[in-house]
Amino acid sequence: MKSKLNKLLFFILILISIFVFLNISVTTRQGINYELHTIKIPLYLKVLDFFDRYYNYKELTKRIVKDAGSEEEKIMRIFEWTHNNIRKAPQELPLVDDHAWYIIVRGYGAKDQSQDVFTTLCNIAGIDAFFSTVSNEDKTDEIPLSFVKMQKKLYVMDAYHGVYFKNSKGRLADIESRNDWVKVSLDNEPNIDYTPYLDNLCTIKDFYLSRPSIQSPLNRLLFEIKRRTR
């Protein structure tokens, strides 16, 4: 009888400990019109929000790449979906920067937010991708661009303007074969000269565990471990 009571008390103690732990106050960040705000929320809510976004990403990505064969076809499906569904941010509406899923729900975003959505969905589809700001050679201007990795080669794309690069064979062109590039626009955007930025791609850093890749539980865990052990 005493043994059963001890086990019950131990079980209750565990439940109380879990309850206290999940109610620890943590923070999340949200930018509104480039002004960063820190918001306090309980840990359980942050965890629930994370998994809610993750499974929504998975379901959306599954619909986008349905019946796609090759990695290249998956990339192009996601690229076209992002460009068609994430509109340019209206000037009269606030520019909110939080999570890629909420950008998808709102249906509009800034230049870097379109890249964020595209590369996040690529990662969910199992394709390594990240986005980065690339400056011109004299650092007087910069633009955000998306990068996807396929068969150990890196490809650059601009989801916001719907621009990507093909080679003479009509396939996506990797950054090592720039002499063979042909620029393609999904909706005939004005003639943007990418040359000053593409000449400076050497500044791009490793994308391992970047924002788009840590939207899955395992990568997020690895990221948190790495961040806390620095």
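Me: Which residues of H2 are buried?

Reply: First, the ground rules: this is a predicted model, in which local features need pLDDT of at least 70 and side-chain atom pairs count only at pLDDT 80 or more, while totals for chains, interfaces and linings use all residues. Residues are numbered from 1 along each chain as its sequence is written, and side-chain values use heavy atoms, with hydrogens and water left out. Helices (H or I, at least four residues) and strands (E, at least two) are DSSP runs numbered from the N terminus, and buried means under 20% relative accessible area, exposed over 50%, and partly exposed in between, with a 1.4 Å probe and protein chains only. In H2, the buried residues are Leu-43, Phe-50, Arg-53, Tyr-54, Tyr-57, Leu-60, Thr-61 and Ile-64. They cover an arc of only 135° around the axis, taken from the directions from the helix axis to the C-beta atoms, which puts them on the same side of H2.

Me: Which residues are exposed on the other side of H2?

Reply: An α-helix has 3.6 residues a turn, so residues three or four places apart point the same way. On that other side of H2, Leu-48, Lys-62 and Arg-63 are exposed.

Me: What lines the largest pocket, and which residues lie nearest its centre?

Reply: Rolling a probe the size of a water molecule over the atoms shows where empty space is left. On a 1 Å grid over the protein atoms alone, a pocket is an open set of points where a 1.4 Å probe fits, with protein on both sides within 12 Å along at least five of seven lines, and lining residues have an atom within 4 Å of a point. Here the largest pocket is lined by 41 residues, with Thr-28, Lys-46, His-99, Arg-220 and Glu-224 nearest its centre. The largest share of this lining, nine residues, comes from H2.

Me: In what order do the strands of the open sheet lie?

Reply: Two strands pair if DSSP finds at least two bridges between them. The three strands of the open sheet follow the order E2-E1-E4, with antiparallel pairing. E2 and E4 (96–97) stand at the edges, each with a single partner strand, so one side of each is left without a neighbour in the sheet. Two bridges join E1 to E4, and the bridge partner of Gly-31 in E4 is Asp-97.
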